[in-house]
Amino acid sequence: MSRIPAPWLKSILLTIYPKPAITRDEIIRSTGLNPASVSQALQHLLSSGTVLKVGELKSRGGRRREVLKLNPEAGYFIAVDLETARIRYALTNLVGDIRYRWEQELEFGKGVDVADLLHGMEMVQRNLMEWQYSRLLAVGISCPGIIHENRRVTAVNLGWRKFPLSEKLEEATKLPLSLETACRAYVLAERWLGCAQGVDNCIYIEIGRGVGAGIVVDGRYLEGDDHMAGEFGHITIDASADDPCHCGKRGCLEAIASSSGILRQYREKSRLSEAEKGRLRLGDVFDSARRNEPVALAVIDRASQALGLGLSHLIVLFNPALIILGGDLLQGEDLLVPRIRKALADHTPEFVKKTQVSVTRLGLDIGLKGAAFLALFLAFQNSVSHPDLIQKLCAPVMETIAV
Ligand SMILES: [Zn+2]
């Protein structure tokens with residue numbers, strides 16, 4: 001480790017990492033460090049390969065200014081996306097590129113234990129070279145269910161009730177770990193790499209087996225008193241409806257507009273045989289609607305109407321610039337999105353009508369990208385509690401993979 005004070009290095013790295021490119025003058029202005037200190041620290045970071053020179057700008061006086069960026073291969077993260085039916089693992093670099101991935105299908109009804117998770121995490125590390133392995137910085141996990149204040153997790157599908165997940169994994173991996181609910185990870189991924197880059201007021205809506213929201217207001221993620229803000233699926237969207245919700249209420253948005261809600265309604269109203277009902281998949285309902293089958297169209301109309309109405313409430317309450325839709329239900333994007341837009345237009349007052357509605361383009365990797373961002377944020381923001389992270393980042397990069 002060089003004799004450059006760690007706080008200088010941390011301050012400079014914190015300034016550089018969110019920017020695709022930056023000049024030395026901008027670093028001096030942002031960090032408030034004196035030019036000599038910045039030069040000394042940058043000399044070290046450039047010679048170690050942690051920071052790369054990517055070009056030169058000519059200023060008015062003819063002076064050349066170096067353009068710098070963080071070396072994407074200066075650090076790696078393990079990202080884990082715990083879904084209800086499978087677990088995705090990835091090894092990513094500092095800018096979220098997935099280097100290695102691994103997937104584990106979950107057996108229905110069989111819980112997940114720490115040994116399963118450690119195996120998956122090992123699988124994405126097995127091709128790492130030694131110099132890369134020494135640059136593993138942190139683990140990020142996107143998790144379904146509820147994360148309690150002490151970072152214990154309750155996720156019924158994974159067989160966990162107040163399970164001390166962070167504690168056990170940190171103990172086994174010796175790496176710092178960041179854990180957040182899926183909707184939070186998704187909205188962070190959209191702000192980092194997706195369509196919400198630079199958008200300080202945005203809401204990500206996950207529409208799958210459940211319906212949830214990740215809400216960012218004025219650049220801050222909304223958590224709530226019990227970290228339960230964004231349980232959008234459990235607003236009562238139709239007080240006169242009988243649709244049962246697993247939360248115990250009736251008429252919840254999730255009971256009408258989730259994938260399981262749509263399947264239930266179609267099974268109840270269609271004339272399918274019991275065997276056909278058993279084989280029914282969400283895609284079948286969308287295919288029937290595309291053939292103008294009245295029952296399928298009625299179920300999709302109702303779900304879209306409920307989603308549009310619910311979104312209009314979010315728009316009035318939070319005044320977002322952007323709403324991003326994602327989740328399994330978007331396999332019926334062609335059917336749902338125009339109907340949701342129509343319902344939104346019907347229910348949203350003029351003074352908040354400029355909210356844009358988009359569909360996520362991050363695809364199935366959104367959970368992994370969000371988990372990688374959690375790890376990145378932990379590594380850069382919390383390096384005071386993990387001083388070795390700065391040392392790892394600033395150690396010489398022995399080799400660089402072509403990016
Ligand atoms: Zn409910």
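The points below cover a metal site, a sheet with its packed helix, and aromatic pairs.

This is a predicted model, in which local features need pLDDT of at least 70 and side-chain atom pairs count only at pLDDT 80 or more, while totals for chains, interfaces and linings use all residues. Residues are numbered from 1 along each chain as its sequence is written, and side-chain values use heavy atoms, with hydrogens and water left out.

**Zinc site**

- The zinc ion is coordinated by His234 (ND1), Cys245 (SG), Cys247 (SG) and Cys252 (SG) at 2.1 to 2.4 Å, where donors are N, O and S atoms within 2.8 Å of the metal (3.2 Å for Na, K and Ca).
- The angles among the four donor atoms run from 101 to 126 degrees, and the site is tetrahedral, a term that requires all angles of four donors to lie between 85 and 135 degrees.
- Along the chain, the donors of the zinc ion follow the spacing H-x10-C-x1-C-x4-C.
- Cys247 is partly exposed at 39% relative accessibility (buried means under 20% relative accessible area, exposed over 50%, and partly exposed in between, with a 1.4 Å probe and protein chains only).

**Sheet and helix**

- An open sheet of five strands has the order S6-S5-S4-S7-S11 with mixed pairing; strands are DSSP runs (E, at least two residues) and helices are runs of H or I of at least four, numbered from the N terminus, and two strands pair if DSSP finds at least two bridges between them.
- Strand S6 (98-105) and strand S11 (177-181) stand at the edges, each with a single partner strand, so one side of each has no neighbour in the sheet.
- Strand S4 (residues 76-82) and strand S7 (residues 136-143) run parallel and are joined by six bridges, and Asp81 stands opposite Ser142 in S7.
- Helix H4 (residues 114-125) packs on the sheet, touching S4, strand S5 (86-93), S6 and S7, where contact means heavy atoms within 4.5 Å.

**Aromatic pairs**

- Rings of Phe, Tyr and Trp (its six-membered ring) pair if their centres lie within 6.5 Å, with planes under 30 degrees apart counted as stacked, over 60 as edge-to-face and the rest as tilted; by this rule there are four aromatic pairs.
- Tyr186 and Tyr204 form an edge-to-face pair, at 5.4 Å centre to centre and 70 degrees between the planes, which links helix H7 (residues 182-193) to strand S12 (residues 202-207).
- Tyr186 is buried with a relative accessible area of 8%, and Tyr204 is also buried, at 1%.
- The ring centres of Trp192 and Phe373 are 5.4 Å apart with planes at 55 degrees, so this pair is tilted.
- Trp192 in helix H7 and Phe373 in helix H14 (residues 366-381) are 181 residues apart, and both are buried.
- Trp192, Phe373 and Phe377 form one aromatic cluster.

Technical notes:
Tetrahedral: all angles 85-135°; square planar, octahedral: opposite > 155°, others 65-115°. Axes fitted to C-alpha atoms, helices over the stretch in contact; angles between N-to-C directions.
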